[in-house]
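Please look over the structure shown here before reading on. The briefing that follows takes its features topic by topic.

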Amino acid sequence: MSGLRVELNGVTARHPAATAQSSPALDALTLSIEPGEHVAVIGPSGAGKTTLLQLLGAALRPSQGAVTLDQQSVWTLSTRQLQRQRGRLFYAPQSPPLPPRQRVVVSLLAAKLPALSLWRSLQNLIYPQHVDEVVKALAQFDLQEKIWERVDRLSGGERQRVGLARALLAPARLWLIDEPLSALDPTRARQAIATLLREARAKGVTLLTTLHQVNLATAEFPRVLGLREGKLVFDLPGHEVTSERLAHLYAQFEYELAQVEAPVVSEELPPAKREVRVGCA
Amino acid sequence: MRLIPMARFKDPSLRDPAWSRRVFWFVVACVILWPALVSTEFRPWVFFEAQNLKVTTHFLAEFFPPALNPEFLELVAREAWRTVAIATAGTFLALLFAIPLTLLSTTVLSVSSLSGRMRALPFVVRQLIRWLLILLRSVPELIWALVFVRVVGLGPAAGVLAIALTYAGMLGKVYGEILESGEREPATALLRNGAGRIQTFFFSVLPGNATELTSYTIYRWECAIRASTVLGFVGAGGLGQQMDNSMRMFNGSEVATMLIVFILLVGLADLLSTWMRRALQ
């Protein structure tokens, strides 16, 4: 099983709720990602990062242009074929979409559903069938002892890591992960990114993740996309993303960079007064 | 201090601008309510006319003491059990109809509306099912019972079928509303990752809404107990039929016993509902 090849060709997209006159969330974007590539998407709020992931995840229909997964244009498929194609990708929204009264084990098993027949999947509700896999996935995020807990008994950070552990069980060849670190402290954030990258490499899946932690993106990812106002500002290897480029990308949004550098103290200082320190990871 | 200190404020900016609107809606409510009271001959003072008071007290006095002789209690117990059985069988049959209709009609499990608008065919199917549910519940169970008494003869079977049809319509409608007002993100996320609709129902929609669905179903079961009593008056068996007999004989003490049994049954349903909700919390 190898990663999915992803292509965007002149794609323009708007938020579902936006009017036709408003400026598009993504503007005529052309992009190609090879199977097994690991890509981080950075940029200030409202740059279109989430929209980009939703487009690639066949969750949002572009108003113009073509989205291609493995040489197949997504929006020419029938509903049934499209649903099968969706089974080959894993899209994790920023806030983990877990039913609060569900147990962690079932939440994780739910990620396997596209690979299971209806009968096999219902067996998991009678008695969980793949507990060993679930424990292995949870252990990658230090959560193995939470397997029988209910989701609403977890802390925000634990819930987010459960959401990430789901990726490891999904029968997917493309991981689209939106802001995986928003509820994690810096140490956990580093661990989580390392785990995602390691597992993506081991499975050979294509990984695309949006990040607010610019330093992690540039240090850990071989390819970094800088997005601003729906346009691609740069597309470079992580180590070539200089602080000048970042300052340019985040111009007028400097406080977002600063927050990233010091997530723990960010609530105590007014953001505008903090100095900008970039690229020192 | 007066209730409406309007005159005290010469300055119009100090007056509550919502006041005239409030007066307007109060007048509108009175104008609508008055014809309704007239046409329903709502005259509460007739209760307190000497002649009527005498009849009422006489009727109520017959209720005391309730009939407690063993043969009658045994009969009441048997008929109460039959009433509960009619209600339970009817509700269960209604569930068998309502669950598939809910699954087909809810927009939460719509695959085509994952990306933009729902397609035409699924939309038409959902509307047709909605109309079917309206048809089922717009005919009161008493009318269904009168129909079925002619088809299957006097007895509990007519009551069961009558409850099943009406309640399928009610359950189907309210289940749909419960699912649609609940959290949608978990279901959307599973569908977007390629899970099937029934898989999504069991792994996300059901655990997310189990408490509300159970508590509404038990409340409907309680209503069905009441309904099956009324159905007894048209010959569908159970406690209602006995009550009809006792009333015809002007045997107030027997009616009183059956009413007490009735209060106990409804109280029991209430306890069961509380207990189930707590178990699912």
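**Helix packing in chain B**

In this predicted model, α3(B) passes α6(B) in a right-handed crossing. By class, the residues in the contact of α3(B) with α6(B) are 17 nonpolar, seven polar and one charged.

**Two helix pairs in chain B**

- Two packed helices are described by the angle between their axes and the distance between the axes.
- Helix α3 of chain B covers residues 70-105 and helix α6 of chain B covers residues 156-181, and the two pack at an angle of about 40° with their axes 6 Å apart.
- At that angle, α3(B) and α6(B) are therefore oblique to each other.
- Helix α6(B) also packs with α8(B), here at an angle of about 150° and with the axes 10 Å apart.
- Because angles over 145 degrees count as roughly antiparallel, α6(B) and α8(B) are described as roughly antiparallel to each other.
- In this second pair, α6(B) passes α8(B) in a right-handed crossing.
- On the α6(B) side the residues that meet α8(B) include B:Gly159, B:Ile163, B:Tyr167 and B:Leu171, while those on the α8(B) side include B:Val205, B:Glu212, B:Tyr216 and B:Arg220.
- Sorted by class, the contact of α6(B) with α8(B) has 15 nonpolar, three polar and two charged residues.

**Where chain B touches chain A**

- In the contact between the chains, 22 residues of chain B meet 28 residues of chain A.
- On the side of chain B that touches chain A, the elements that give two or more residues are α7 (185-192) and α8 (197-232) of chain B.
- The largest share of that side, eight residues, comes from α8(B), the helix that also packs with α6(B).
- By class, the side of chain B that touches chain A has eleven nonpolar, nine polar and two charged residues.

**Chain A as a whole**

- Chain A contains ten helices and ten strands.
- Its C-alpha trace spans about 55 × 45 × 35 Å along the principal axes.
- A compact globule of 281 residues would have a radius of gyration near 19 Å, and chain A has 19 Å, which agrees.

**The four-stranded sheet of chain A**

- An open sheet of four strands in chain A has the order β2-β1-β4-β5, and its pairing is antiparallel.
- Strands β2 (26-33) and β5 (72-73) of chain A stand at the edges with a single partner strand each, so one side of each is left without a neighbour in the sheet.
- Helix α1 of chain A, residues 49-56, packs on this sheet and touches β1 (6-13), β2 and β4 of chain A, with a direction that makes about 125° with that of β1(A).
- Strand β4 of chain A, residues 64-69, is joined to β5(A) by two bridges, and these strands run antiparallel.
- Within this pair, A:Thr68 has A:Ser73 in β5(A) as its bridge partner.

- Four bridges join β6(A) to β7 of chain A (residues 174-178), and the two strands run parallel; A:Leu89 stands opposite A:Leu174 in β7(A).
- Five bridges join β9 (residues 223-228) to β10 (residues 231-236) of chain A, and these strands run antiparallel; A:Gly226 stands opposite A:Phe234 in β10(A).
- Strands β9(A) and β10(A) form a hairpin with two residues between them, and A:Glu229 in the turn has a positive phi of about 50°.

**Backbone details**

- Most residues other than glycine have a negative phi, and most peptide bonds are trans.
- A:Gln71 is not a glycine, yet it has a positive phi of about 65°, and its place is in the loop between β4 and β5 of chain A.
- The peptide bond from B:Phe64 to B:Pro65 is cis, with omega near -5°, and B:Pro65 is found in the loop between α2 (50-61) and α3 of chain B.

Notes: Residues are numbered from 1 along each chain as its sequence is written. Chains are lettered from A and ligands numbered from 1 in the order in which they are written. This is a predicted model: local features need pLDDT of at least 70, side-chain atom pairs count only at pLDDT 80 or more; totals for chains, interfaces and linings use all residues. Axes are lines fitted to C-alpha atoms, for helices over the stretch in contact, and angles run from 0 to 180 degrees between N-to-C directions. Angles under 35 degrees count as roughly parallel, over 145 as roughly antiparallel, 65 to 115 as roughly perpendicular and the rest as oblique. A crossing is left-handed if the near helix is turned anticlockwise from the far one by less than a right angle, and right-handed if clockwise. Ala, Val, Leu, Ile, Met, Phe, Trp, Tyr, Cys and Pro count as nonpolar, Asp, Glu, Lys and Arg as charged, and the others, Gly among them, as polar. Two strands pair if DSSP finds at least two bridges between them. Two residues are in contact if their C-beta atoms, placed from the backbone, lie within 7 Å. The radius of gyration is taken over C-alpha atoms; the globule rule is 2.2 Å times the number of residues to the power 0.38.
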